[in-house]
Amino acid sequence: TMPAATLGQYKGLAFTRRVRPVSEKAVDADLANMARVHAPFVPTDAPAARGMRVTLDFEGFLEGVSIPDSRMEKVTVVLGTGQLMPPADFRVPELSGRTAQFEICLHTVERKQVPPVDDAFAKTLGYEDLEALRESLREKKRLSHEANADRIAGAALLDMAGANLTVELPAELLAQNAEYQMTQLRQRLRKSKMTMELYCKSAGLTPEQVREGYRKEAERQLRAMLAVRAIAEAEKITVTQ
């Protein structure tokens, strides 16, 4: 049962909404990534390696005997992407997980050739020129930064509204949540071969301070949740499915 809460101030709260500017360096990085993604494969004499595309025939053998239906011809795969079936998932159950030998006939090896980022590249993507492509990327980043600023501002304002609530929060619930988070932390530390003592030493905290931090976070989240409900009720906001 959620505790009863009385709204305090939730309108006219002050918060500075900061929108991160779009840098040309970030646009350049996006362009470079697009060039890598759209790079065509071209023939190469270099040895086959991860990231290259190969066309090959192959056939599997188990103890010198051909594996039924294992022969395939002119198969094209990009090395390192996991497109070939791993042994543990082999389609013949009785052979799954067993070690086999494969004879391979390699027809072609191709590597990606990253194109220059210029007007011609932009036109292959449907833009008039490079500047039109850059402007499109700037706009996408600007909208993303605006949306992120909205999320941060919304969360901050909701925290303020939650802090202004009049509510009696169950101490036992907050303590239980804090203890649950401490248990989760211990499990993560155990997987990382780290002790709680070392973790607290590196953070400059005591276990009690870590637990208190989790308790305060639980209180913040619960107050924000109650604020949402109270504001929705006060403003007669109906949320559809």
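Tutor: Buried means under 20% relative accessible area, exposed means over 50%, and partly exposed lies in between, with a 1.4 Å probe and protein chains only. This is a predicted model, in which local features need pLDDT of at least 70 and side-chain atom pairs count only at pLDDT 80 or more, whereas totals for chains, interfaces and linings use all residues. Residues are numbered from 1 along each chain as its sequence is written, and side-chain values use heavy atoms, with hydrogens and water left out.

Student: Is Glu110 buried or exposed?
Tutor: Glu110 lies in strand E6; strands (E, at least two residues) and helices (H or I, at least four) are DSSP runs numbered from the N terminus. Contact means heavy atoms within 4.5 Å, and beyond its neighbours within four places in sequence Glu110 is in contact with Phe41, Val42, Pro43, Thr44, Met52 and Arg53. Because its relative accessibility is 14%, Glu110 counts as buried.

Student: Which residues make the nonpolar surface patch of about 300 Å²?
Tutor: Patches are made of residues with over 30% relative accessible area and no salt bridge, like charges being joined within 9 Å and nonpolar side chains (Val, Leu, Ile, Met, Phe, Trp, Tyr) within 5 Å. Accessible areas come from the Shrake-Rupley method with a 1.4 Å probe, and for residues only the protein chains shown count as cover. Ile104, placed in strand E6 (residues 101-112), has a relative accessible area of 56% and is therefore exposed. The patch is made by Phe102, Ile104 and Leu106.

Student: How far apart are the closest N and O atoms of Arg138 and Glu131?
Tutor: A salt bridge is a side-chain nitrogen of Lys or Arg within 4 Å of a carboxyl oxygen of Asp or Glu. Arg138 is buried because its relative accessible area is 18%, while Glu131 is partly exposed at 43%. Both belong to a network of salt bridges that also links Glu24, Asp28, Arg134 and Glu135. The closest N and O atoms of Arg138 and Glu131 are 2.9 Å apart.

Student: Why are Arg215 and Glu219 separated by about one helical turn?
Tutor: The side chains of these two residues meet in a salt bridge of 3.4 Å, N to O. Arg215 is partly exposed, with a relative accessible area of 26%, and Glu219 is partly exposed at 22%. They are separated by about one helical turn because they lie 4 residues apart in helix H6.

Student: What is the C-alpha to C-alpha distance between Ala132 and Glu233?
Tutor: Ala132 is found in helix H3 (residues 130-163) and counts as partly exposed, at 28% relative accessibility. Ala132 and Glu233 are 101 residues apart in sequence. In space, C-alpha to C-alpha, their separation is 47 Å.
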